[in-house]
Amino acid sequence: MEQAAEASRAGLRTRRERIITVARPILQTSVAASAAWLIATELVGHDQPFFAPISAVVTLGLTVGERRRRAVELAIGVAVGIAIADLLVTAIGTGTWQIGVVCGLAMLAATLVGGGPLLASQAGASAVLVATLQAPEGGFDFERAFDALVGSGTALAVGSLLLPVDPVRLVREGLGPVLDRLATVLDAIADALEHRDAREAERALAAAGPVDARYDHLTATLAAAGDAARISLGRRGRLSRLDRYVAAVGEVGLAIENVRALARGAVRAMALDDSIPPEVIAAIRELATAVRELDALLEDEREPERSRAATLRAVRLANAVLAETSNLSAVHIVGQVRLVAVDLLRAGGMPRAEAQQAVRGAPPEKLS
């Protein structure tokens with residue numbers, strides 16, 4: 001009974017969180033559809049502006065990371081498709097073969113004007129709607145194409161003014177999975193070196209691959225967050241804080257590449273059966289800790305101790321190895337540890353020259 005009750009409570013929490021997540025876009029879309037209809041009927045004077053609310057709904061249905069750029073592309077695609085379809089339907093009428101001709105020519109025209117797959121598909125979909133709806137009365141006009149532009153423009157305005165997205169929260173939500181995955185890869189590298197397991201080293205290297213996809217999503221999210229901060233009146237004050245994340249994301253990208261090189265060094269060390277000092281393994285684990293604490297540092301730059309302390313301890317442990325070994329595998333791995341450390345210090349806001357000096361000047365530290 002207790003387990004069933006707990007499962008029920010967990011299900012309620014999940015549904016409540018899901019509702020909270022979708023509440024803002026649902027409200028924005030509902031308001032945008034109504035506003036688009038109102039503008040098209042009352043201000044523009046169209047009797048049945050079907051495409052105005054439809055365009056508003058489709059525009060706000062785009063992912064946040066692509067909304068501004070793709071919404072403009074979509075608006076153009078819908079307008080082009082409707083205009084061409086209206087022209088063709090006026091000339092050749094409607095029917096089975098006419099739908100195919102209208103759809104194909106609308107998509108071709110959208111492609112010829114430089115549109116991507118989204119513009120072409122939206123032009124085709126809009127053309128199909130026109131070809132299956134009642135033909136425009138009195139011959140060809142741009143009324144329905146203009147309605148589509150009204151809907152898309154209304155959607156962008158509503159998205160900017162009504163419950164606009166918090167750009168910093170948006171980036172934090174994208175950065176968290178990248179840092180978690182990167183820290184997991186570092187732990188896997190340390191485990192492989194500690195267990196002297198070649199297969200574990202290969203798996204750690206393979207695990208570094210998916211980080212790229214998450215990082216690409218993060219960079220797209222960062223661009224969208226900048227758009228959200230610029231076009232939203234209530235979010236302009238967040239731009240200065242967002243700049244800190246912009247710099248951090250660039251350094252995290254460098255850290256990803258250096259961690260991948262670190263993983264390749266571990267694979268090479270296992271293939272050569274080279275012994276890796278325990279200080280190196282401990283240094284890699286400290287880097288994993290520093291990566292996990294980086295998000296907290298960016299959230300409150302007045303509290304940098306945990307991430308930077310872990311980074312600098314990793315450097316001190318790595319530097320202790322340089323003075324005592326001529327093992328090329330170990331030296332290579334230490335070099336990568338130091339490079340990752342510079343990236344993490346830079347991501348935390350430290351100037352490059354200061355970060356490099358901190359890494360070079362860190363006193364060696366042996367494990368007790």
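1. A residue is called buried when its relative accessible area is under 20%, exposed when that area is over 50%, and partly exposed in between. Please keep in mind while reading that this is a predicted model. By that cut-off Phe51 counts as buried, because its relative accessibility is 2%, whereas Phe50 is partly exposed, with a relative accessible area of 38%.

2. The ring centres of Phe50 and Phe51 lie 5.2 Å apart and the ring planes stand at 80°, so the pair is edge-to-face.

3. On the surface there is a nonpolar patch, formed by Ile92, Trp97, Val101, Leu105, Leu108 and Leu112, and together these residues have about 580 Å² of accessible area. Helix H4, which covers residues 96-112, gives the most to this patch, with five residues.

4. Helix H6 runs through residues 143-161, and its 19 residues reach 27 Å from the first C-alpha to the last, which is close to the 27 Å expected at 1.5 Å a residue. The buried residues of H6 include Ala145, Ala148, Val150, Gly151, Ala155 and Val158, and also among them are Arg144 and Asp147.

Note on methods: Residues are numbered from 1 along each chain as its sequence is written. This is a predicted model: local features need pLDDT of at least 70, side-chain atom pairs count only at pLDDT 80 or more; totals for chains, interfaces and linings use all residues. Side-chain values use heavy atoms; hydrogens and water are left out. Patches are made of residues with over 30% relative accessible area and no salt bridge: like charges are joined within 9 Å, nonpolar side chains (Val, Leu, Ile, Met, Phe, Trp, Tyr) within 5 Å. Accessible areas come from the Shrake-Rupley method with a 1.4 Å probe; for residues, only the protein chains shown count as cover. A salt bridge is a side-chain nitrogen of Lys or Arg within 4 Å of a carboxyl oxygen of Asp or Glu. Helices (H or I, at least four residues) and strands (E, at least two) are DSSP runs, numbered from the N terminus. Rings of Phe, Tyr and Trp (its six-membered ring) pair if their centres lie within 6.5 Å; planes under 30 degrees apart count as stacked, over 60 as edge-to-face and the rest as tilted. Buried means under 20% relative accessible area, exposed over 50%, partly exposed in between (1.4 Å probe, protein chains only). The expected span of a helix is 1.5 Å times one less than its number of residues.
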